[in-house]
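Biologist: I would like to learn how to read a helical model. Could we go through one step by step?

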Amino acid sequence: MLEVLQQDDVTIQLVVKNARWQSFLIFRDRLLENQKLVTAYNQLKQDSQYLTMDEYRSKKAKFIESVFNQP
């Protein structure tokens, strides 16, 4: 069981070791390095609450791609 003892935001992303989705570790690391990206990602999710799942996934994919393309 996980327990949050502080008022910190907590996000968990499970990734299978050596899976094709391991690139999400890069995404995670970039978010950990840049609070502005975290804020933008959270805003994207809040702004997407009335979108269809396909619209949300498309918007999210574009955001993730933009993070991967940053130096």
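Modeller: First, the ground rules. This is a predicted model, so local features need pLDDT of at least 70, side-chain atom pairs count only at pLDDT 80 or more, and totals for chains, interfaces and linings use all residues. Residues are numbered from 1 along each chain as its sequence is written, and side-chain values use heavy atoms, with hydrogens and water left out.

Biologist: How many helices and strands are in the protein chain?

Modeller: Elements are DSSP runs, numbered from the N terminus: helices are H or I with at least four residues, strands are E with at least two. Here the protein chain has 3 helices and 0 strands. The order from the N terminus is α-α-α.

Biologist: What do burial and surface look like for the protein chain?

Modeller: Buried means under 20% relative accessible area, exposed means over 50%, and partly exposed lies in between, with a 1.4 Å probe and protein chains only. Of the 71 residues in the protein chain, 14% are buried. Accessible areas come from the Shrake-Rupley method with a 1.4 Å probe; for residues, only the protein chains shown count as cover. The accessible surface is about 6,500 Å², and 52% of that belongs to carbon and sulfur atoms.

Biologist: At what angle do α1 and α2 pack?

Modeller: Axes are lines fitted to C-alpha atoms, for helices over the stretch in contact; angles run from 0 to 180 degrees between N-to-C directions. Under 35 degrees counts as roughly parallel, over 145 as roughly antiparallel, 65 to 115 as roughly perpendicular, and the rest as oblique. The angle between α1 and α2 is about 110 degrees, with the axes 5 Å apart. The two are therefore roughly perpendicular. Contact means heavy atoms within 4.5 Å. On α1 it involves Phe-27, Arg-30, Leu-31 and Glu-33; on α2, Gln-35, Leu-37, Val-38 and Tyr-41.

Biologist: And at what angle do the axes of α1 and α3 cross?

Modeller: Helix α1 (residues 24–33) and helix α3 (residues 53–68) have axes that come within 10 Å and cross at roughly 75 degrees. This pair is therefore roughly perpendicular too. The α1 side uses Phe-24, Ile-26, Phe-27 and Arg-30, and the α3 side uses Phe-63, Ile-64, Val-67 and Phe-68. For residue classes, Ala, Val, Leu, Ile, Met, Phe, Trp, Tyr, Cys and Pro count as nonpolar, Asp, Glu, Lys and Arg as charged, and the others, Gly among them, as polar. This contact has 7 nonpolar, no polar and 1 charged.

Biologist: Are α2 and α3 roughly parallel or roughly antiparallel?

Modeller: Their axes come within 10 Å and cross at roughly 170 degrees. That makes α2 roughly antiparallel to α3. Contact residues include Ala-40 and Lys-45 of α2, and Lys-59 and Lys-60 of α3. The classes are 7 nonpolar, no polar and 4 charged.

Biologist: Which residues form the largest nonpolar core?

Modeller: A nonpolar core is a set of buried Ala, Val, Leu, Ile, Met, Phe, Trp, Tyr and Cys residues joined through side-chain atoms within 4.5 Å. The largest has 9 residues: Phe-27, Leu-31, Leu-37, Tyr-41, Leu-44, Tyr-56, Phe-63, Ile-64 and Val-67. Each of α1, α2 (35–47) and α3 supplies at least two. Helix α3 gives the most, with 4 residues.

Biologist: Is Val-38 buried, partly exposed or exposed?

Modeller: Val-38 sits in helix α2. Its relative accessible area is 23%, so Val-38 is partly exposed. Leu-31 touches Val-38, along with Leu-37 and Tyr-41, leaving aside residues up to four places away in sequence.
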